[in-house]
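Here's a quick briefing to read alongside the structure. Keep the 3D view open and look up each residue as you go.

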Amino acid sequence: MTAAAATPSESARLAAIEWQLCLSGGSATDDDRQAFDAWLTASPLHGAAWQHLNAALGNALRVIDPKLLTAAGPLRRSLLRPQDTQRRRLNKLLLASGALLAGGAWLDRQIPLRHVAADYVTGTGQRRRVLLPDGSVMELDARSAASAEFAPGKRLVRLETGAAVFELAGSATALAPAVNLPLRILTGEGEVRLNAGRALVQCDAGRSLCVALAGDAEIITRQGQRRRLAAGQGAWFDTRQVDATQEAQAHAAAWQEGQIEVHNEPLQRVVDALSRYRPGWIRVSPAASRLRVSGLFPLDDTDRALEALRHTQPITLRRFGTLYVMIDVSAPQA
């Protein structure tokens, strides 16, 4: 597989989104469909981009009101704008439009819409192993997105959202000659460099996490601060600085085994992890979100995880149908 075939160009991916929205919007003409056929056959990259997009979206767009996908439709505009602006617009639209709330919010719960143009995307409850062009393996957590750029002298992955574990190949290839060419994993706050071994990289709001699972890893913030981590160590970082190094952090990658393991951490952290695996919504009150939790909870059976929390924490669960769960602290006993 060539690098070009594995990673359709940005222009091809955006064109694929345009065509998907055009054909799904309910107003496509015969001329539109003929133009699409011509575009699809004009380049192998177009076909690759089209297949990639449809694999990511599945049947999700079919449940959306076609009015939202018209040329002036808000969801269409949101999907095609640059990511930072896209996020603000999508949030605003979700709040402003009841119709979009019903369609866009539901669709976003199935797959992270703002990152749908990435090379590799996982939906809610999905994990995915990807063989990178240099033989390394990237495993994405649920609701994650990443794009790869591999070429002679270049090994780079952009982790746009979510989390991934990277396991480097045992030997260098033509794309990665043995001349100190690390795998670079870029996040919004900086980058992680790996020369060997395994590491977890995770994106959060305004910060990123790196845990060296086997071998060393190096963090470099956008403003240039560096920190080398030994196996088992982990650290959060933002654009300016790296927080204190924490020992024995390998459990942060327990999601690879379908679990979340926490040690005296806020309940909100468990809820955030469960939300990546549950199609509906879990809301937690501010008081409940601050409760400290320790334990091992199943991600692939979120109902069982919620019941385990209910039996071990002073909380109540209120279910509204199958899609909405509200967590609050229990009322004091009289």
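**Q256 and the rest of the chain**

Q256 is buried, because its relative accessible area is 19% and the cut-off for buried is under 20%. Keep in mind that this whole model is predicted. The protein chain has 334 residues, and buried ones make up 49% of them. It also contains 10 helices and 18 strands.

**More on Q256**

- You'll find Q256 in the loop that runs between β13 (234-237) and β14 (259-266).
- Its side chain makes a polar contact of 3.1 Å with the side chain of R198.
- If you skip neighbours within four places in sequence, Q256 is in contact with R127, E139, V165 and R198.

- A12 is in helix α2, which covers residues 10-24.
- Is A12 buried or exposed? A12 is buried, with a relative accessible area of 4%.
- Setting aside neighbours within four places in sequence, A12 is in contact with W39, L45, H46 and A49.
- A12 and A117 are 105 residues apart along the chain, yet their C-alpha atoms are separated by 9.8 Å.
- Q51 sits in helix α4 (residues 44-57).
- Q51 counts as exposed because its relative accessible area is 61%, and the cut-off for exposed is over 50%.

**Salt bridges**

- Side chains of opposite charge can pair up when their charged atoms come close.
- How many salt bridges are there? The count comes to 17.
- R276 and D141 form one of them through their side chains, at 3.7 Å from N to O.
- That pair links distant parts of the chain, 135 residues apart: R276 is in the loop between α8 (267-275) and β15 (281-284), while D141 is in the loop between β3 (137-140) and β4 (145-151).
- D141 is buried, at 6% relative accessibility.
- K154 and E149 also meet in a salt bridge, at 2.7 Å from N to O.
- K154 is partly exposed at 34%, and E149 is partly exposed at 26% relative accessibility.
- R193 pairs with E191, and their closest N and O atoms are 2.7 Å apart.
- In that pair, R193 is partly exposed at 26% relative accessibility, whereas E191 is buried at 10%.
- A network of salt bridges links R278, D303, E307, R310 and R319.

**Cysteines**

- A disulfide is a covalent bond between the sulfur atoms of two cysteines.
- How many disulfides does a search of the whole structure find? The search finds 0.
- C203 is buried, with a relative accessible area of 16%, and C210 is buried too, at 0%.

- F320, L323 and Y324 make a nonpolar surface patch of about 250 Å².
- Y324 is part of strand β18 (residues 324-329) and counts as partly exposed, at 31% relative accessibility.
- Among contacts in the protein chain with a separation of 6 or more, 51% are between residues 24 or more positions apart.

Key:
Residues are numbered from 1 along each chain as its sequence is written. This is a predicted model: local features need pLDDT of at least 70, side-chain atom pairs count only at pLDDT 80 or more; totals for chains, interfaces and linings use all residues. Side-chain values use heavy atoms; hydrogens and water are left out. Patches are made of residues with over 30% relative accessible area and no salt bridge: like charges are joined within 9 Å, nonpolar side chains (Val, Leu, Ile, Met, Phe, Trp, Tyr) within 5 Å. Accessible areas come from the Shrake-Rupley method with a 1.4 Å probe; for residues, only the protein chains shown count as cover. A salt bridge is a side-chain nitrogen of Lys or Arg within 4 Å of a carboxyl oxygen of Asp or Glu. Helices (H or I, at least four residues) and strands (E, at least two) are DSSP runs, numbered from the N terminus. Buried means under 20% relative accessible area, exposed over 50%, partly exposed in between (1.4 Å probe, protein chains only). Contact means heavy atoms within 4.5 Å. A polar contact is a pair of N or O atoms within 3.5 Å; within protein, one must be able to donate a hydrogen and the other to accept it, and residues adjacent in sequence count only if both atoms are side-chain atoms. A disulfide is a pair of cysteine sulfur atoms within 2.5 Å.
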